[in-house]
Amino acid sequence: MRYAETGFNLEIDLTRGNIERVETDPRDTELYLGGLGTNAKILWDRVPPEVEPFSPDNLLIFSAGLLCGTPATGCNRTIVSTISPQTQLMAFSMMGGFWAPELKYAGYDKVILRGKSPNLVYIWINNDKVEIRDASHLKGKGAVETAELIQQELKEPRAQVAAIGLAGENRVYFASIEQGRSSASRGGIGAVMGDKGVKAVVVRGTRDINVARPAEYMDLCNEVLQYIQFRNENPVPGVMPILAGLGSPQEMKVHDEKWHTENFMWGNSRVRRKDFWNDEIAKEWMETLDSMRTRLISCYNCPMTCGATISPPGLPTYMMKCFSKLTYTMAAFADLEFGLGIAQSATEYGVDGFSTPQVMAFALELLEKGILTDDDFPGMPADNEGRFYWLLDRIVRREGIGDVLANGTYWAAKQIGKGAEEYAHNTIKKHEQLPLKLSMLNPIYFLMYSTGEKINITQIEGQFPQAPFLTMEEREAFVKDWFHVPDDKFKQIFLDWEPRGEKSMPFYPTPEMCCDIVDWQERMHYIDDALGMCAGLSSFPLKPPYHIHNYPKFISAGAGIEMDEEKLTQAVRRYRTLVRANNTRRGMRRKDEKPPADHWKKRFPELEEKLLDTYYQLKGWNKQGIPTKETLHELGLDYVYEDFEKRGVYSENGYTPEQETSAGNEKEA
Ligand code: SF4
């Protein structure tokens with residue numbers, strides 16, 4: 001009997017129209033857990049670096065996390081993995097909502113798509129019955145509209161639909177997959193879905209999931225619920241409102257946007273508006289949010305209500321959470337009403353709310369600087385808001401300059417030339433980052449940003465406070481109930497951390513301490529991504545309900561895999577290293593692990609090198625960030641070492657298949 005997981009994957013060959021239900025190896029679950037972990041193993045085994053993002057041999061894997069579908073609160077993440085057209089590395093983007101538990105109830109842990117369908121199709125998974133159905137009537141439809149049309153067509157309002165919009169169909173490199181109140185946006189995975197000719201993957205399941213020790217498991221779940229209630233009643237004092245509570249940042253509830261609007265950059269991630277937030281703006285934005293936010297909503301089995309339905313005047317209602325509330329507004333120097341309105345179109349088109357506004361602001365900056373001219377923007381309105389709507393349409397249709405911009409700022413700048421690269425200044429690993437640009441280097445953020453392979457905001461934040469507390473009294477109060485730490489040394493580091501003087505950033509915490517903190521934060525993110533847990537209840541906020549001490553108990557009682565902290569840490573190291581190995585053999589090296597040059601005003605090159613060296617050493621990687629033979633052996637990944645050797649990865653001029661051509665160009669070449 002398999003517990004927590006179903007033990008079956010759906011393998012769908014779109015070229016041949018073949019559908020198979022394949023039993024999985026329980027040993028893989030022990031070694032790599034599930035979700036991201038087993039996705040990384042499948043990509044390693046079946047997608048060598050010669051396979052390009054838009055090759056039929058690239059896989060697109062939709063995976064429910066190991067504990068999805070069990071009663072664990074907030075455990076509802078779908079982990080979508082493929083090779084990204086944007087970074088040309090392994091992409092793994094998560095979506096919340098309802099899809100993953102539904103897949104489990106239908107009897108599957110993963111849906112693995114390979115090949116390409118000659119016509120646009122959707123996949124209908126209804127328990128045992130799985131069909132590839134014609135979707136030609138859905139061509140060009142919005143992602144939310146598609147979901148509604150499919151539910152009507154199937155007469156199944158409870159079917160969960162993960163769909164792409166026009167952006168995915170047209171292989172826009174930052175196309176998302178939209179689902180319920182959530183989306184998997186980073187890495188352009190929607191473009192891979194479009195390239196495979198799949199408009200939607202639809203699932204309805206009515207079966208049960210087995211849990212190994214139900215009574216024990218329910219006790220653990222109840223403890224978590226009680227703790228959530230306690231934390232909701234007792235926000236962490238001394239930190240900004242969105243960090244004081246649990247859940248994915250509570251952007252839909254918070255009216256005070258002083259911090260974001262005055263600290264994050266506006267436009268093409270270049271302009272800080274220090275005195276932006278005043279009484280008038282605060283009142284205007286509060287009224288806008290209150291009038292358009294029609295209902296607060298949650299993902300499956302979660303009480304946190306961190307998303308909302310948004311009903312802009314004259315537009316259909318859509319769902320939103322998180323920082324996309326502000327991304328379009330700030331990129332266009334506009335008001336919140338504009339941001340909530342254009343996000344409706346962007347959700348239907350299915351694009352990443354972090355990349356898209358930055359790409360559009362980048363285009364307008366190039367126009368301003370004369371690198372692009374009016375001839376590149378024929379018929380574009382004169383007003384800023386109108387320009388953003390116009391650009392969004394061109395991008396998702398790949399029309400005119402939109403065809404170039406649809407490849408993201410990194411590739412677009414290369415294609416445009418004439419100095420455009422200087423303006424594509426906010427990428428790491430070829431991917432747009434949040435416009436969070438501060439004055440002084442934060443060594444912990446530096447490491448999370450540079451070495452992170454998920455490339456999203458939630459991966460760079462974690463359970464250690466982002467800044468020191470001013471007084472010792474505040475620090476002592478904070479550490480008092482900080483039982484989440486894997487080791488008490490973290491409490492001492494925090495107690496000693498001062499806002500100024502010898503024990504302040506960037507030299508304190510020391511590189512060794514920073515690496516330990518990052519290692520802890522990263523470990524939690526990787527556990528979440530394998531179990532299917534929302535980061536908002538675990539790896540992202542301070543003092544969350546899920547942590548390194550209760551996770552092993554959840555896995556033991558839920559999945560029946562006897563687990564302790566050490567064994568769990570080792571499993572995470574194993575699949576974290578496997579993610580790195582996938583990217584290593586795709587050419588990723590130390591040179592790629594650097595934040596944008598202007599990310600902080602005050603930089604410390606020597607310290608940054610030392611931080612990377614120390615981090616690599618802690619991970620058991622060499623100076624290039626490549627896992628060593630010894631590390632791979634210790635983790636039972638000798639097969640990775642053998643592949644690296646065969647490819648000459650360790651040699652000085654090691655195998656680096658990365659070519660400076662975008663995925664579309666490679667395909668056409
Ligand atoms: S905390 Fe928020 S984002 Fe996370 S599962 Fe709950 S409702 Fe969804």
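## Close-up views of a predicted model

**View 1. Buried residues of helix 21.** In helix 21, the buried residues are Tyr551, Pro552, Phe554, Ile555, Ser556, Ala557, Gly558 and Ala559. Buried means under 20% relative accessible area, exposed over 50%, and partly exposed in between, with a 1.4 Å probe and protein chains only. Helices (H or I, at least four residues) and strands (E, at least two) are DSSP runs, numbered from the N terminus. Helix 21 covers residues 551–559, and eight of its nine residues are buried, so it is largely enclosed by the rest of the structure. Its buried residues pack against helix 7 (214–233), helix 20 and helix 22 (565–584), where contact means heavy atoms within 4.5 Å. After helix 21 comes Gly560, with a positive phi near 70°.

The model is predicted: local features need pLDDT of at least 70, side-chain atom pairs count only at pLDDT 80 or more, and totals for chains, interfaces and linings use all residues. Residues are numbered from 1 along each chain as its sequence is written, and side-chain values use heavy atoms, with hydrogens and water left out.

**View 2. The largest nonpolar core and a second one.** A nonpolar core is a set of buried Ala, Val, Leu, Ile, Met, Phe, Trp, Tyr and Cys residues joined through side-chain atoms within 4.5 Å. The largest has 199 residues, and Phe62, Leu113, Ile125 and Phe464 have the most contacts inside it. Helix 20 (residues 511–531) gives the most to this core, with 10 residues. A second, separate core has 13 residues, among them Ala135, Ala147, Ala163 and Ala200.

View 3. On a 1 Å grid over the protein atoms alone, a cavity is a set of points where a 1.4 Å probe fits but cannot get out, whereas a pocket is an open set with protein on both sides within 12 Å along at least five of seven lines; lining residues have an atom within 4 Å of a point. The second largest pocket has a volume of about 810 Å³; grid points are joined across faces, edges and corners, and a volume is the space filled by probe spheres set on the points. Its lining has 28 residues, of which Leu438, Gln466, Ala467, Pro468 and Met505 lie nearest the centre. Helix 9 (258–263) and strand 18 (438–440) are the elements that give two or more residues to this lining. Strand 18 provides the largest share, three residues. By class, the lining has 17 nonpolar, seven polar and four charged residues. Ala, Val, Leu, Ile, Met, Phe, Trp, Tyr, Cys and Pro count as nonpolar, Asp, Glu, Lys and Arg as charged, and the others, Gly among them, as polar.

**View 4. The shell around the ligand.** Residues surrounding the ligand are Asn76, Arg77, Arg181, Gly247, Ser248, Ser298, Cys299, Cys302, Met304, Cys306 and Cys534, a residue being near a molecule or strand if one of its heavy atoms lies within 4 Å of it. By class, this shell has five nonpolar, four polar and two charged residues.

View 5. Most residues other than glycine have a negative phi, and most peptide bonds are trans. The Met505 to Pro506 peptide bond is cis, with omega near 10°, and Pro506 is in the loop between helix 19 (489–496) and helix 20. The Tyr508 to Pro509 bond is cis, with omega near -5°; Pro509 lies in the loop between helix 19 and helix 20. Asn127, not a glycine, has a positive phi of about 50°. Asn127 is in the loop between strand 7 (121–126) and strand 8 (129–134), and counts as buried at 16% relative accessibility. Phe333 also has a positive phi, near 50°. Phe333 is in the loop between helix 11 (324–331) and helix 12 (336–349) and is partly exposed, with a relative accessible area of 39%.

**View 6. Surroundings of Ile209.** Ile209 lies in the loop between strand 12 (198–204) and helix 7 and counts as buried at 14% relative accessibility. Leaving aside neighbours within four places in sequence, Ile209 contacts Ala4, Thr6, Gly69, Thr70, Lys104 and Tyr105.
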